[in-house]
Structure formats: C-alpha cells, structure tokens
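User: I would like to learn how to read a protein model step by step. Could you take me through this one?

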Amino acid sequence: MKEIRWHGRGGNGAFMAARLLGLAASVYGGRYAQAFPSFGPERRGAPVLGFTRIDDSIIVDHSQVADCDCVIVLDETLIDVVDVLKGLKSDGVLLVNSGKGEGEFRKLPGFADIKKLIVFDGTALALDILQSPIVNTIMLGATIAATDIVGLSDAENAIEELMPKHLAEKNKQVARMAYERVKYGKEYEKVKYEKVKGEQR
Amino acid sequence: MFHQGKNLFLSGNEAAAEGVRLCRPQVIAAYPITPQTTLVEKLSEFVANREFPCKYLLVESEHSAMAATMGAAMIGCRVFTATSSQGLLYMCEMLSYVSGSRYPVVLANANRSTATPWNIFGDQRDSVAMRDSGWIQFYTESGQESLDTIIQAYKVAEHPEVSTPVMVNIDGFTLTHTYDLVNIPSQEEVEKFLPPLKTTNKFSLEAPKSLSFTIGPDFHLESRYQQQKAFHAAEDVIARVDDEFAGIFGRKYHGMVEQYRCDDAEHILTVMGSTAGTTRIVVDKLRAAGKKVGMIKVRCLRPFPKKFFAGLGGSCKALGVLDRNISFGYEGALYTEVRAAMLKPGASIRTLNFIAGLGGADISKADLELMFEKLGGIASGQESGQKEFGQEEQEHQYIGLRWS
C-alpha cells in the first residue's frame with residue numbers, strides 16, 4: 001500500500017488533491033483508494049492535511065496515516081510551522097511548491113537525507129495559466145511524474161469529474177504541464193507546448 | 001466484492017445518502033450537525049434535482065426532525081432522518097415516541113462524542129446513551145457497509161413481525177469524511193429487494209383508528225412485552241435479510257455479529273464500528289507471525305447477539321472488548337453486555353475491557369497489537385495457574401492514557 005500526505009493551508013485545495021488522486025487511482029485506475037482530510041473544523045489559512053491511500057486490494061484500514069511514501073507541500077511557509085518530514089519513509093519522496101532552488105531546502109534540518117526531493121515552482125505556473133495561486137492540480141501532476149503512482153490520464157479524468165466545467169480544462173492543462181516539466185524537464189515541455197500552440201494556430 | 005451497478009469514490013456520508021436515495025423515502029426531515037451535515041446536504045441535492053419524489057422538510061431542530069418523520073410515518077410514508085451527538089440527544093424524547101408507536105423510521109447517526117468537554121470528533125457515546133430508546137442499532141465498518149445497511153435497515157424495520165425503528169451508526173469523520181470506492185446498486189435491484197412500504201399502522205379513512213395513544217397500567221406490560229418480542233423476532237429477520245441481500249447484491253455482513261479468523265483463535269478482540277477494518281489488518285499480521293488471534297465484530301448492539309456470546313467457548317482463552325464509550329461508574333457498555341451474555345458456571349474465558357478512541361482519538365494498529373499482547377498475557381497467566389486476575393493486568397484498560 002502507498003500512503004501519501006498533502007500539506008496545505010485551508011483554501012489551498014490540499015484535500016481536493018488527495019481526493020483527486022484517490023479517484024484517479026480507484027474509479028479510473030482500477031485499483032483501490034482511500035482519501036480523507038485532517039478531521040475537524042476547517043479554517044481558511046490554517047495548516048491542514050489531506051491523505052491518500054492506494055492499494056491493489058480493498059483498503060480496510062481506518063486508523064490515521066503514520067508512515068508516508070510521499071509528502072507534498074503546497075505552501076512552503078508550512079515548513080516553518082509543521083514537521084512536514086514526520087513519518088516520511090527513508091526511501092520516500094518529498095515535493096515542495098517553491099520558486100527557490102533545491103539547495104536552499106537541502107540546508108534545512110533533516111532535508112539532506114531525503115532520497116528524492118523535488119522543488120517545483122507551482123505558483124509561477126498557476127499564476128501564468130490559471131491567473132490564480134492555486135497549485136493543487138499542478139502539484140498533483142508533479143507528484144504523478146515523480147512517483148508514477150497513477151496514470152496522468154486517470155488524473156485528468158478525475159479532474160474532469162470533480163471540478164466544475166469552467167475550471168476543469170485549465171486544471172487538466174496545468175497538471176499535464178507540471179507532469180511534463182518534472183518528468184522531462186522544463187525545456188521539453190516548453191518545446192512541446194509551443195509546438196501544440198503552433199498546431200492550434 | 002462488486003456486483004452490479006456503478007462504482008464511485010464517495011465519503012461515508014455520501015455513500016449513506018446514496019443508500020437512502022435508492023430506498024426512495026417519501027419524506028425526509030433533518031437538521032444539520034457536524035459530522036452528519038454532508039449526508040443531509042447530499043440528500044437535499046438529490047431531492048432538489050428530483051432524483052426521486054420526496055418532500056424534504058427543513059426543520060428547526062432535531063426534536064422537530066424526529067417529530068416530523070413520525071408524523072409522516074403515521075400516514076404510512078417511508079421516512080428518513082439523520083443526526084449526530086447532541087442532535088441525537090435532543091431527539092431522545094421523540095425516539096421513544098417513535099419506537100413505542102412502532103413506526104419503521106430509519107435514522108443515520110454519525111457517531112460523535114457528547115458535550116462537555118465540547119468535541120465534534122468521533123466516538124460512540126451518543127448512540128450508546130440511546131441504547132434503551134427501543135431502536136434497533138447497527139454499527140458499520142465502511143462507507144459501503146453504511147450504504148448497504150441503510151437498505152437492509154428499511155427491510156428489517158418494515159418487516160411486520162419487527163415494525164421497529166432502526167438507527168444506523170456510522171463513525172463520525174473516520175467513516176463519514178473518508179472517501180472510498182463504493183458500489184452503488186441499481187435502482188431495479190434495490191426495488192426488487194425492498195418493495196414500497198405497506199403498513200396497517202397508519203391513519204386511514206378506510207380503516208380509522210387511534211395511534212400513539214395512552215396505555216395505562218392495565219395493558220402497559222403487554223405493550224412493552226410486544227416490543228421485546230419484536231426485538232426477538234428481529235434477530236432472525238436481521239439474519240434472513242442479510243442472506244437475501246447477499247443473494248442479490250453479493251455482499252454479506254453476517255447478520256448481528258461477524259467472526260473474523262476465530263476458528264481456532266485463543267485471543268479474540270471484540271469491536272464495533274470502523275475499528276473492525278483496522279483490526280482485520282492486525283489479526284492478519286499476527287496470524288502471519290503464528291499467533292492464534294481473531295476478531296468479533298458486533299454489528300448490532302440492539303438486539304444484542306446474546307446467544308452468540310453465550311455459546312462462545314472452544315479455543316478462546318482470552319476475550320477483549322474495545323469500547324469507544326464509557327458508562328461512568330461501571331465500564332465500557334459493550335463489555336458489560338458481552339460479559340453478561342457469557343456468564344455461566346465454570347466459565348474459563350478471561351476478559352479485558354479496553355477503553356479507546358474517545359473524542360476522536362485514533363485507534364492505531366500499534367494500539368490494537370498491544371491489546372492482543374495483553375490478551376495473550378492474561379491467557380498464559382491463567383494457564384500457569386499462578387496469577388490471579390488483576391495481578392498482571394487491570395481488567396479495565398485505558399489505551400493511551402497519559403496520566404491517572
């Protein structure tokens with residue numbers, strides 16, 4: 001079983017990302033999944049958590065997630081406030097939404113030992129394409145690229161199902177862009193994007 | 001596990017709402033309360049979208065919600081309501097009106113702690129406090145079981161020999177707010193299983209009668225005896241309904257009580273609600289390590305599976321009971337019930353009561369392993385014949401207690 005934790009602030013859509021991943025893995029990916037938020041009242045701006053469990057057989061575990069295969073941080077200011085490394089397995093993956101370089105994070109306590117650390121500027125992409133600093137679907141695309149935990153098309157189907165029509169298209173687009181940038185590097189994605197744009201013209 | 005219909009990724013509340021939709025109640029009256037809110041929101045959405053013909057009543061309180069469902073039940077409607085915690089307590093007065101009048105109302109309760117201390121998180125103190133309200137009580141393990149149990153609940157409640165309301169208890173947050181893959185049966189299959197309600201216990205111009213009337217001392221014992229008889233009848237009906245359900249939908253919940261890997265088990269843990277799922281994982285792990293452990297999942301607190309616990313024996317040496325409630329001045333309520341049912345001369349099974357998961361506290365796999373370890377300890381103490389009860393383990397254990 002794979003266990004994933006999403007860190008966000010109320011309003012970031014961290015739980016929506018957890019749900020999208022679970023929906024992608026189960027209904028569209030043919031596997032089993034579970035998704036739940038940090039239980040309790042919700043406040044805008046307060047640190048919140050989202051969790052996704054994915055497995056090949058039915059998931060009956062109803063205890064909290066302790067150890068994580070992957071942790072995603074939607075808002076880098078949370079690193080000062082909560083222990084985002086808590087329970088991250090020694091071979092686990094950490095994704096951080098930030099415009100800073102990976103080196104900046106490697107200096108932080110505990111970060112040097114992370115096997116796979118991916119720092120991705122989701123906010124820049126969100127402002128560019130979505131005209132809004134919401135990075136949940138972007139970091140979902142980045143996570144899929146880093147872990148191959150579900151197929152990108154399954155995630156696109158999940159976005160299509162869960163998000164309102166006027167948001168779904170652009171969110172699918174940014175998820176794919178983030179996926180390609182993390183998977184193949186920014187240059188590949190840029191070339192491809194311009195090619196598609198050219199074809200559209 | 002999946003039969004027909006479609007599979008959706010739903011929260012426990014949404015799954016329960018789908019179950020209600022498929023049963024097509026004609027009247028729903030509800031008042032929102034965390035963590036039940038998203039269940040009734042989903043239902044109001046279904047009704048607004050005309051997914052099924054239903055009158056949805058926005059009432060000003062839980063007391064009114066139950067009163068309104070009772071009113072609709074009095075004219076022969078299939079009805080539904082849902083609540084949680086303080087809402088259930090506020091309904092308390094009306095619960096016994098409905099059960100005494102024998103209306104087949106179905107209520108979903110999102111299990112939550114009761115104030116004070118104020119707490120919106122899950123435990124089972126709310127529904128356990130309503131144990132003697134005259135309602136049948138189911139506890140579910142998953143979103144799927146919540147959906148399926150609501151369908152079964154109507155079938156049980158409306159059975160002429162039972163004619164008693166049913167409360168379906170769904171662990172707050174742990175189930176209500178957890179998304180999971182859920183199979184939604186087809187409307188045709190559900191209608192085959194659950195035909196429209198037919199009852200004579202209603203107001204009718206053709207057959208006028210009084211309902212919900214006064215019964216003084218002269219016939220009161222008889223009326224209560226009939227209620228008790230209905231609960232006895234429900235024991236068989238619950239088992240038969242579950243079998244019939246399995247035949248149509250391919251999912252079985254073993255009636256009032258399920259045994260998991262108990263065949264040759266020496267140390268067994270009894271649980272109720274969502275913890276059953278986590279316990280399965282721990283049992284599998286300990287079994288793989290050669291430990292003879294098993295789980296009993298109590299699905300019905302009322303009627304209580306008395307015969308099952310009275311007959312418990314065989315390989316079982318130590319039985320634990322996990323309670324997500326506490327009856328102050330005594331112990332966990334389920335523990336009392338289990339022990340009472342097991343009472344017989346020369347009984348040799350040792351027992352422990354674990355109080356855990358109050359006010360939303362997580363019940364981890366490590367907690368459950370610790371419980372099995374303690375059961376193993378008292379069983380071996382008993383074998384050596386040297387340790388008296390209470391010397392090696394306290395009978396009542398508070399899991400995770402930081403100070404006393």
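**Reading a helix and a shared sheet**

Analyst: The cover over the buried residues of helix H3(B) includes strands E2 (27-30), E3 (55-58) and E4 (79-83) and helix H4 (85-100) of chain B. Contact here requires C-beta atoms, placed from the backbone, to lie within 7 Å, while helices (H or I, at least four residues) and strands (E, at least two) are DSSP runs numbered from the N terminus. This is a predicted model, in which local features need pLDDT of at least 70 and side-chain atom pairs count only at pLDDT 80 or more, whereas totals for chains, interfaces and linings use all residues. Residues are numbered from 1 along each chain as its sequence is written, and chains are lettered from A and ligands numbered from 1 in the order in which they are written.

User: Which residues of H3(B) are buried?

Analyst: A residue is buried if 20 or more other C-beta atoms lie within 10 Å of its own, exposed if 12 or fewer, and partly exposed in between. In H3(B) the buried residues include Glu62(B), Ala65(B), Met66(B) and Ala73(B).

User: Why does the span of H3(B) agree with its 12 residues?

Analyst: The expected span of a helix is 1.5 Å times one less than its number of residues. For H3 (residues 62-73) of chain B this should be 16 Å, and the end C-alpha atoms are 16 Å apart, so the two agree.

User: In what order do the strands of the eight-stranded open sheet come?

Analyst: Two strands pair if DSSP finds at least two bridges between them. The order is E6(A)-E5(A)-E4(A)-E1(A)-E3(A)-E2(A)-E8(B)-E1(B), with mixed pairing. The edge strands, E6 (116-120) of chain A and E1 (6-11) of chain B, each pair on one side only.

User: How do E2(A) and E8(B) pair?

Analyst: These two strands pair in the antiparallel sense over two bridges, and Gln34(A) stands opposite Asp180(B) in E8(B). Within chain A, eight bridges join the antiparallel strands E1 (residues 2-9) and E3 (residues 47-55), where Trp6(A) stands opposite Gly50(A).

User: How many residues does each chain bring to the contact?

Analyst: Chain A brings 21 residues and chain B brings 24. On the side of chain A that touches chain B, the largest share, six residues, comes from E2(A).

User: How many helices and strands does chain A have?

Analyst: Chain A has seven helices and six strands, and buried residues make up 47% of its 201 residues.

Methods. Contact = placed C-beta atoms within 7 Å.
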